[in-house]
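This report goes through selected local features of one protein model. Please keep the sequence and the 3D view open while reading.

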Amino acid sequence: MKYSRQMTPYNDFWMNCILNSAYSVATNFESSYSAAAYLNNYSYTSWGAAIDIEFMTPTIEVLDYSDHWENFVLSAVIEKEIPVSFKNPHDFLPDLQKIISEGEIVKLNVDLFYWLPKNIAWNRFHMSHYSIINGFDAETKMYSVLDDDVDGYGVHLIPEDRVVQAFMNSYAMNELEGEIPHAYIYGIRKDIQPFRMDKSEIIKHAERLIEELSVFSFDDLWNFKDEHKDNMDEYIRISLIGVNIIENRHIGNELLVNKLTDLNLMEEATYEEMKYCLKRLQKGWKAIKQVFINNLVSEHKEINLELIRNKANEMLDIEKKMWLAIVEERDMELENKETKRGVTL
């Protein structure tokens with residue numbers, strides 16, 4: 001018995017494992033939602049590393065998807081995620097195969113320590129994760145999954161014994177047994193309307209971002225302490241996760257600017273100003289990322305935190321200037337309308 005659902009991994013840019021999975025599902029049903037990922041509905045935040053909750057690294061969090069799905073743009077395609085608890089979790093493969101063969105899209109809780117050899121957590125540290133299983137071959141005992149590793153988000157073939165090992169060691173089975181589902185099924189809406197870009201929403205988020213970027217700081221992040229020296233490589237890898245998401249967000253921002261121009265929703269001068277800022281942002285974050293990569297492959301770990309933090313804070317100022325350009329364009333348009341209205345009166 002063999003079953004496989006054809007799905008194209010969402011790879012316009014990298015957000016995080018949950019969002020790239022959700023966009024892969026959504027665009028499978030309505031391709032216009034590819035551009036919904038470009039929206040500037042995000043915030044800068046920090047999070048504690050899985051290996052050390054006190055080691056804080058920066059990242060970007062997209063609004064609403066994790067706590068108010070009903071307000072998130074993809075709720076127009078994915079109505080909900082339906083939790084699944086296997087009848088016999090110690091013999092879960094028959095249930096999993098049944099779900100897949102019935103045409104459902106399912107994501108399984110796994111421990112990344114055992115999952116993909118080129119994933120950052122492979123044989124290094126344990127991390128809970130849901131991975132889309134979109135096919136299986138009962139004869140060859142291979143499973144097709146959509147997931148990410150150092151090469152990006154793509155399709156992988158995983159042997160059955162590794163699927164079992166990763167699930168049996170998952171948080172759903174051990175650390176958080178009974179508290180989180182073994183898997184989720186994506187509940188898809190029947191009537192899906194195409195996505196349409198709304199410039200007013202983008203300007204609203206631009207105004208919010210200008211305020212948030214004015215108060216956010218990298219000064220207390222990436223705090224490598226003496227006790228981290230023995231596991232410095234792991235702390236650098238964790239740091240790279242967040243930096244990679246930030247770097248990729250500016251790829252998404254460039255896609256947003258290009259999309260607005262294609263739709264004739266942006267003036268040429270605004271386009272040029274934002275593109276100039278984006279080039280500096282992409283170059284700056286690439287340089288920050290490279291510092292971590294260089295230290296990862298070097299025997300001598302010499303991370304100049306002051307230099308990195310200053311550069312990252314500089315990037316915040318440039319990004320603020322970028323969003324200010326589109327807000328000022330809106331303000332100018334309103335001013336011109338008021339002037340014309342006054343002349344008419």
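The model discussed here is a predicted one.

Setting aside neighbours within four places in sequence, I158 touches W115, L116, K141, M142, Y143, V145 and V163.

## Two residues with positive phi

K141, listed among the contacts of I158, has a phi near 60°, a positive value in a residue that is not glycine. K141 sits in the loop that runs between β6 (128-137) and β7 (142-149). Its relative accessible area is 46%, so K141 counts as partly exposed.

N264 also is not a glycine and has a positive phi, about 60°. The loop between α5 (232-262) and α6 (268-297) holds N264. With a relative accessible area of 69%, N264 is exposed, because the cut-off for that class is over 50%.

Side chains of opposite charge can pair when their charged atoms come close. The model has 15 salt bridges by the distance rule applied.

E329 and K199 form a salt bridge through their side chains, with an N to O distance of 2.3 Å. E329 is in helix α7 (residues 305-344) and K199 in helix α4 (residues 199-215), so this pair joins distant parts of the chain, 130 residues apart. Both of these residues are buried. K199 also meets E333 in a salt bridge, here with an N to O distance of 4.0 Å. That pair again links helix α4, which holds K199, to helix α7, which holds E333, across 134 residues. The relative accessible area is 14% for K199, which is buried, and 32% for E333, which is partly exposed.

A further salt bridge pairs E207 with R330, whose closest N and O atoms are 2.6 Å apart. Because E207 lies in helix α4 and R330 in helix α7, the pair ties together parts that are 123 residues apart in sequence. E207 counts as partly exposed, at 32% relative accessibility.

## The largest pocket

The largest pocket has a volume of about 1,400 Å³. It is lined by 43 residues, and those closest to its centre are W14, N16, C17, I241 and I245. Which element supplies the largest share of the lining? Helix α5 does, with five residues.

By residue class, the lining of the largest pocket divides into 22 nonpolar, eleven polar and ten charged residues.

## Recap

K141 and N264 both have positive phi without being glycine. Helices α4 and α7 are linked by the pairs K199 with E329, K199 with E333 and E207 with R330. The largest pocket, about 1,400 Å³ in volume, takes the largest share of its lining from α5.

Definitions and conventions: Residues are numbered from 1 along each chain as its sequence is written. This is a predicted model: local features need pLDDT of at least 70, side-chain atom pairs count only at pLDDT 80 or more; totals for chains, interfaces and linings use all residues. Side-chain values use heavy atoms; hydrogens and water are left out. Helices (H or I, at least four residues) and strands (E, at least two) are DSSP runs, numbered from the N terminus. Buried means under 20% relative accessible area, exposed over 50%, partly exposed in between (1.4 Å probe, protein chains only). Contact means heavy atoms within 4.5 Å. On a 1 Å grid over the protein atoms alone, a cavity is a set of points where a 1.4 Å probe fits but cannot get out, and a pocket is an open set with protein on both sides within 12 Å along at least five of seven lines; lining residues have an atom within 4 Å of a point. Grid points are joined across faces, edges and corners, and a volume is the space filled by probe spheres set on the points. Ala, Val, Leu, Ile, Met, Phe, Trp, Tyr, Cys and Pro count as nonpolar, Asp, Glu, Lys and Arg as charged, and the others, Gly among them, as polar.
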